[in-house]
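Please look at the sequence and the model first, then read on.

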Amino acid sequence: MSTFAQSIISGLGQGSAYAMLAVGFVIIFKSTGVISFAQPALMAAGATLVSYLVFQFGLGFPAAVAVGVLVLAGVGLGLERVALRPLVGRPVFVAAIVTLGLDTAIRAVTNRFIGPDLRPVGDPWGYDRLELGPLFLQHRYLAMIVTAAIVLAALFTFFRYSRVGLAMRATAFDQETSLAQGISVGAVFALSWALAAGLATLAGVFVAAGSGVSQGTWVVGLKALPAIVLGGLDSLPGAVVGGLAVGVVEALVQTYQPVHAPWLGGNFSLVAPYVLMLLVLLVRPYGLFGTPEIRRV
Amino acid sequence: MREPGVSGAVLAVNNLEVVYNDVMLAVSGASVEVPEGRIVALLGSNGAGKTTLLRAVSGLLDVHRGAITKGTVTLDGAEIQRLAPARVVRRGIKQVMEGRRVFAELTVEENLRVGAHVSPRGIDQGLVRVYELFPPLADRRRATAGYLSGGEQQMLAMGRALMSDPRYLLLDEPSLGLAPRLVEQVRDLIVAINQQGTTVLLVEQNASMALSIASHGYVMENGKVVMDKPTEELMADEDIREFYLGSAGEEGSGSFRDVKHYKRRKRWLS
Ligand SMILES: Nc1ncnc2c1ncn2[C@@H]1O[C@H](COP(=O)(O)OP(=O)(O)OP(=O)(O)O)[C@@H](O)[C@H]1O
Ligand SMILES: [Mg+2]
């Protein structure tokens with residue numbers, strides 16, 4: 001029983017990183033109609049920047065995370081303006097290919113800064129554990145869950161009540177009508193990229209917490225893909241649920257599959273999110289929360 | 001809200017030519033003037049170029065791969081045809097697009113708030129004005145806009161445009177698809193909005209409705225303005241009565257009188 005509860009907690013912790021990434025994907029998709037494959041590279045770049053801010057520039061961990069998120073948000077804004085905006089009106093797959101190119105380029109630059117080894121991000125948690133009766137809960141997972149909850153609540157409030165958040169929702173629904181209300185749709189695109197890059201940075205820090213960021217870290221970013229398909233491409237709550245589900249399934253498979261179903265192989269936990277995704281798609285072709293008719297730009 | 005009929009201020013389309021996709025000529029040499037304080041009607045059959053002319057004014061041609069190849073749009077003499085849509089809105093020109101286009105997933109009040117995007121300080125005042133003009137919207141302010149009836153959606157689209165208190169309202173076929181009773185209601189609302197000081201350029205296929213409230217009318221055909229007259233003269237014109245009011249002869253004079261009657265009633269009310 002306690003093993004089960006522990007897997008759930010660590011799954012939710014890991015899953016909150018996927019959720020941050022998935023929410024970024026969905027924000028960009030909803031406002032621009034493009035799936036940005038640059039998210040994994042931005043995640044690694046953000047975590048790397050935080051690492052440098054802590055160890056080369058002597059910032060405290062929370063300050064480094066805040067600065068890292070802001071800087072990467074600026075980078076996202078710039079990327080959209082320079083690389084994506086000129087493609088507005090062209091087929092969306094052209095833009096998607098461009099984001100793949102961006103991913104490769106950002107990763108190449110980031111890898112230089114990471115170097116060959118694991119680079120810690122300066123988090124205060126390490127592998128410390130909290131003993132709660134029979135449970136051993138890792139500090140970092142608790143911190144991730146709490147941080148993700150706060151960030152998501154803030155995002156929800158922003159989209160629900162603020163003038164700019166409302167403009168973003170309107171633009172996601174109908175660009176031309178939004179233009180007719182005086183909304184600058186270009187600014188909405190740029191802001192979507194900024195939010196997504198900021199969230200990716202946070203996800204990168206989560207993923208690297210405990211161990212560190214390496215040249216292989218960006219692969220974790222790809223796990224947001226089954227998460228968004230699972231939740232429904234155009235649904236923010238779907239992205240959160242999808243991200244958490246992927247984290248939990250992964251953790252449960254890691255815990256139980258080697259004992260109960262060893263014939264599935266040694267790395268089945270890597271495949272499990274995709275299996276879950278396919279199962280959900282069989283029942284709900286548009287994901288758990290997606291809308292059947294997905295609007296095109 | 002401002003005084004109607006202020007001196008000489010005018011929104012003008014001058015010798016406009018618009019091309020879609022670099023080849024398809026949709027408007028050629030059209031000129032239209034909308035003096036401040038008035039209701040001006042723009043009539044014409046399907047594909048005449050009415051919507052295209054409105055898009056040229058509000059800066060929405062880009063979205064449709066259209067471009068102005070000749071002519072200008074001026075507001076009080078200053079050229080505005082190169083401005084981005086957001087700038088045009090800030091100058092006080094707001095278009096209500098054909099087909100209402102409410103944000104169906106947002107609530108009624110959220111739709112209205114989006115309408116005040118360029119003037120967030122005026123939200124409270126705007127909401128009061130819109131709910132006063134359109135009481136059914138006040139009752140349903142928390143309802144999802146997609147579930148409103150067609151008439152309510154038209155009110156919402158017009159209310160949303162009014163939220164930034166525009167000087168000029170460009171209405172594209174507001175009566176489209178509405179039952180006769182609702183058409184009448186929309187007509188009364190346009191008059192009310194105009195009396196509060198907003199100038200209206202009214203695009204309609206329902207000519208009798210439009211001419212019953214406009215002071216001046218234009219008729220477009222194949223991208224050109226083919227007629228440009230005060231409403232009284234338009235309504236007396238045989239061609240107009242035959243083709244647009246659909247009412248030559250006995251029956252026609254009946255509906256013609258109805259229109260006149262409405263105008264008189266309107267004057268008593270004001
Ligand atoms: N987005 C577009 N791309 C290409 N051609 C267009 C586009 N929109 C309109 N047209 C063409 O331009 C011409 C004028 O169309 P427009 O929509 O302005 O007419 P309209 O008077 O508003 O007609 P309706 O009463 O049917 O709304 C038509 O021939 C139409 O086919
Ligand atoms: Mg039209």
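What joins the side chains of E250(A) and Y18(A)? A polar contact of 2.7 Å does, where a polar contact is a pair of N or O atoms within 3.5 Å; within protein, one must be able to donate a hydrogen and the other to accept it, and residues adjacent in sequence count only if both atoms are side-chain atoms.

This is a predicted model, in which local features need pLDDT of at least 70 and side-chain atom pairs count only at pLDDT 80 or more, while totals for chains, interfaces and linings use all residues. Residues are numbered from 1 along each chain as its sequence is written, chains are lettered from A and ligands numbered from 1 in the order in which they are written, and side-chain values use heavy atoms, with hydrogens and water left out.

**Chain A**

E250(A) belongs to helix α11 (residues 236-260) of chain A. Helices (H or I, at least four residues) and strands (E, at least two) are DSSP runs, numbered from the N terminus. With a relative accessible area of 5%, E250(A) is buried; buried means under 20% relative accessible area, exposed over 50%, and partly exposed in between (1.4 Å probe, protein chains only). Apart from neighbours within four places in sequence, E250(A) is in contact with Q14(A), Y18(A), K223(A) and S269(A), contact meaning heavy atoms within 4.5 Å.

The magnesium ion (ligand 2) has T51(B) (OG1) and E98(B) (OE) as its protein donors, which lie 1.9 to 2.4 Å from it. Donors are N, O and S atoms within 2.8 Å of the metal (3.2 Å for Na, K and Ca); water is not among the atoms, so sites may look incomplete. T51(B) sits in helix α1 (residues 50-58) of chain B, and E98(B) in the loop between β6 (93-96) and α3 (108-115) of chain B, so the pair links distant parts of the chain, 47 residues apart. T51(B) is buried at a relative accessible area of 17%, whereas E98(B), at 34% relative accessibility, is partly exposed.

Ligand 1 is surrounded by 17 residues, of which the closest are N46(B), K50(B), T51(B), T52(B) and Q205(B); a residue is near a molecule or strand if one of its heavy atoms lies within 4 Å of it.

| Residue | Atom in the residue | Distance |
|---|---|---|
| G47(B) | backbone N or O atom | 2.8 Å |
| A48(B) | polar backbone atom | 3.2 Å |
| E98(B) | side-chain N or O atom | 3.2 Å |

K50(B), T51(B) and T52(B) are among the buried residues of α1(B). Just after α1(B), G59(B) takes a positive phi of about 80°.

α1(B) lies across β1, β2 and β4 of chain B and runs at about 115° to β1(B). Axes are lines fitted to C-alpha atoms, for helices over the stretch in contact, and angles run from 0 to 180 degrees between N-to-C directions.

In chain B, 4 strands in the order β2-β1-β4-β5 form an open sheet with antiparallel pairing. The edges are β2 (24-35) and β5 (78-79) of chain B, each with a single partner strand, so one side of each has no neighbour in the sheet. Two strands pair if DSSP finds at least two bridges between them. Strand β1 (residues 10-20) and strand β4 (residues 66-75) of chain B run antiparallel and are joined by 8 bridges. N14(B) stands opposite T72(B) in β4(B).

Strand β3 (residues 39-44) of chain B is mostly covered, with 6 of its 6 residues buried. I39(B), A41(B) and L43(B) point one way from β3(B), and V40(B), L42(B) and G44(B) point the other way. In a regular strand the side chains alternate between the two faces of the sheet. β3(B) runs parallel to strand β8 (residues 199-204) of chain B, with 5 bridges between them, and L42(B) has V203(B) as its bridge partner in β8(B). Another 5 bridges join β3(B) to strand β9 (residues 216-221) of chain B, also parallel; here A41(B) stands opposite G217(B).

**Loop residues of chain B**

R65(B), in the loop between α1 and β4 of chain B, has a positive phi near 55° and is exposed at 54% relative accessibility. E173(B), in the loop between β7 (168-172) and α7 (180-195) of chain B, has a positive phi of about 45° and is buried at 4% relative accessibility. Most residues other than glycine have a negative phi.
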